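Thanks for coming, everyone. I have one structure to walk through today. Let me put it on the screen.

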Amino acid sequence: MSAAGKLLIFGGVGLAALGMIYGLHYAVFAEHQRLDHMGGSLATAFVEAANRNPEGTRSAIEDYRRQKFAYVREVDVHSHWVGLAMLAIALGVVFDASGFAPRTRFWLAVALLVGALIFPLGVLLQNVQPGSLAPSAMAVSGVLLVTIALAGVAFGFARK
Amino acid sequence: MGARRILIFGGIALIAAGMFFGDIFAVFILHQNGGKTGEMLLTAAQAVANRNPASVKDAFGHIGNLLEDRGTKIDTHVHMTDAGYLCLLVALLQPYVALSRERKRLMAAMLVLGGVFLPIGIFLIHYLGLAFSPFPVIGWASVLADSAGAVMIFAILGQAWGLWKHARSVRSGPVEPELPLENSWCRRALLTGGTVLILLGFLFGAWYSAMHLYEHEAREIRILNTILDVAQSADASSPTSLAVNDYGMLQAEKALMIAAHSHVIEFGLLAILLSFIQPYVFLSDEWKARCVKLFLVGSILLPVFVLLELRMGLVAGGIADAGGLLVIVGMIGMLVGVLRYSGKLDAEAGVSQ
């Protein structure tokens, strides 16, 4: 097996481990609390509205918005890390079948792995620094790297 | 039957069953559940208008119940298909797992059985609840799901142990040969098609997050504020139902876009995995090609028409379900091929009895 294939398989296993450890930590320590908080704040908004308490309603809706923003990104990070890891492992097994020179294959593998790492990381950092451009730029860079690498791999398989 | 055949057969069967369940869920449960959730949200808004906090809490209790019903069914579908992917992925690694034949078969059987009982447990959570459970918050269905998950983790750790032994050049018995790298049309079509599907799904996901994610989040808050503002005003009934309808449409829009994104990527990954196991599909080249074409056509139809449901409604939904059926038929064809496979590759390495 070539260096590119090994890199994808071992990098994929590492990424899968990272995604699973993050997911396990999230499921045990954060997810239920987040969901309870989210559902509770929406119900509170309606209850406060029934009590004709506009300030309480606004505050609960804002709380719901913040919780939902964080929840969507937390779940996305877990699923994208694990999904991209599975893709890296699967491609690693067959990467030598793509019709590129070993050097090109190696750099495609590097692009795929780096993109797969920093795209979800950027999404996660949006929760740490909401509204900041840096995490979004990191996520977009990751998406670009993965997209370019995948386009290259598809072309390589097609021309073999 | 060797460990790899158990994993390939079990993996394809789990994916086909998971997809069939997903099709049934989409046709008979998803829309009805969404309708009931909308009705309950309207009830909550009316309770706000009537200044009745107790009814609001009651309505949200019902909404929680409906969301649990929907969530456990989606989880059943996702976990069954993902367990199938895992089985196929582990099947690929078998030549590098240095365990005895019996242990490898045991690990493979544990992984497949875990993949069967984990989603069954998840499915039963909504129906069994805490009935006859000795635990205060965990029901028997959760115990079943968690136990099956633990069995799968044990089996995966076993595989990791085997990989570690292989890395240290330890041999424990006959090893499956690496799958032949045939250059058939089916293999190339699945590899190229799979990678293109993943690329399309990825581009769509990037477009969705850039153009719709933030807009959807802002629109949801705007609609919720409208529902609450209108419900608190004097003339509440009609405008509230309009806003609740908008809320339902927004949830449907989000769900369909995410479903299209995730399904096209999953089908792409599945196509790549299926390309590896083509040597195990004992069918004529013509029939293998038919299965691959059905699979790839269905893989495009389902996500595209899921997306078009926003504009074309149930007609597109029907075509999407038909696409799902094509994928299932293609996979069952390959499953038949795996069943008909004579064991030649395993016999050569002495891993089958």
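Let's start with one pair, Glu220(B) and Lys68(A), which form a salt bridge with the closest N and O atoms 3.0 Å apart. By salt bridge I mean a side-chain nitrogen of Lys or Arg within 4 Å of a carboxyl oxygen of Asp or Glu. This pair crosses between chains, from Glu220(B) in helix 5 (residues 185–232) of chain B to Lys68(A) in helix 2 of chain A. Helices here are DSSP runs of H or I, at least four residues, strands are runs of E, at least two, and both are numbered from the N terminus.

A word on the ground rules. This is a predicted model, where local features need pLDDT of at least 70 and side-chain atom pairs count only at pLDDT 80 or more, while totals for chains, interfaces and linings use all residues. Residues are numbered from 1 along each chain as its sequence is written, chains are lettered from A and ligands numbered from 1 in the order in which they are written, and side-chain values use heavy atoms, with hydrogens and water left out.

Back to our pair. Are Glu220(B) and Lys68(A) buried or exposed? Glu220(B) counts as buried because its relative accessibility is 2%. Lys68(A) is buried too, with a relative accessible area of 15%. The cut-offs: buried is under 20% relative accessible area, exposed is over 50%, partly exposed is in between, with a 1.4 Å probe and protein chains only.

Now the interface as a whole. Its size is often given as the accessible area lost when the parts come together. Here chain B and chain A bury about 3600 Å² between them, and 77% of that is on carbon and sulfur atoms. Buried area is the accessible area (1.4 Å probe) that two parts lose on being put together, summed over both. Chain B puts 45 residues into the contact and chain A puts in 40. Contact means heavy atoms within 4.5 Å. How many salt bridges are there between chain B and chain A? The count is 2. Over all chains, the structure holds 14.

Next, a neighbour of Glu220(B). Tyr247(B) sits in helix 6 (residues 237–276) of chain B. It is buried, at 11% relative accessible area. Beyond the residues within four places in sequence, Tyr247(B) is in contact with Tyr64(A), Leu41(B), Glu220(B), Ile223(B), Leu224(B) and Ile227(B). Take Ile223(B): 24 residues away along the chain, yet the two C-alpha atoms are separated by 6.3 Å.

Glu253(B) and Arg219(B) meet in a salt bridge, 3.2 Å from N to O. That pair links distant parts of the chain, with Glu253(B) in helix 6 and Arg219(B) in helix 5 of chain B, 34 residues apart. Glu253(B) is buried, with a relative accessible area of 17%.

Over to chain A, helix 2. Arg66(A) pairs with Glu62(A), the closest N and O atoms being 3.5 Å apart. Both lie in helix 2 (residues 54–94), 4 residues apart, about one turn of the helix. Arg66(A) is partly exposed at 44% relative accessibility. Glu62(A) is partly exposed at 32%. They belong to a network of salt bridges that links Glu62(A), Asp63(A), Arg65(A) and Arg66(A).

Zooming out. What is the pattern of chain A along the sequence? It reads α-α-α-α. The radius of gyration of chain A is 21 Å, well over the 15 Å that the globule rule gives for 160 residues, so the chain is more spread out than a compact globule. That radius is taken over C-alpha atoms, and the rule is 2.2 Å times the number of residues to the power 0.38. The C-alpha trace of chain A spans about 70 × 30 × 25 Å along its principal axes. Buried residues make up 50% of the 160.

Last stop, two loops. Arg52(A) is not a glycine, but has a positive phi of about 55°. It is in the loop between helix 1 (3–50) and helix 2 of chain A. Arg51(B), also not a glycine, has a positive phi of about 55°. Its place is the loop between helix 1 and helix 2 (53–93) of chain B. Arg52(A) is partly exposed at 21% relative accessibility, while Arg51(B) is exposed at 55%.
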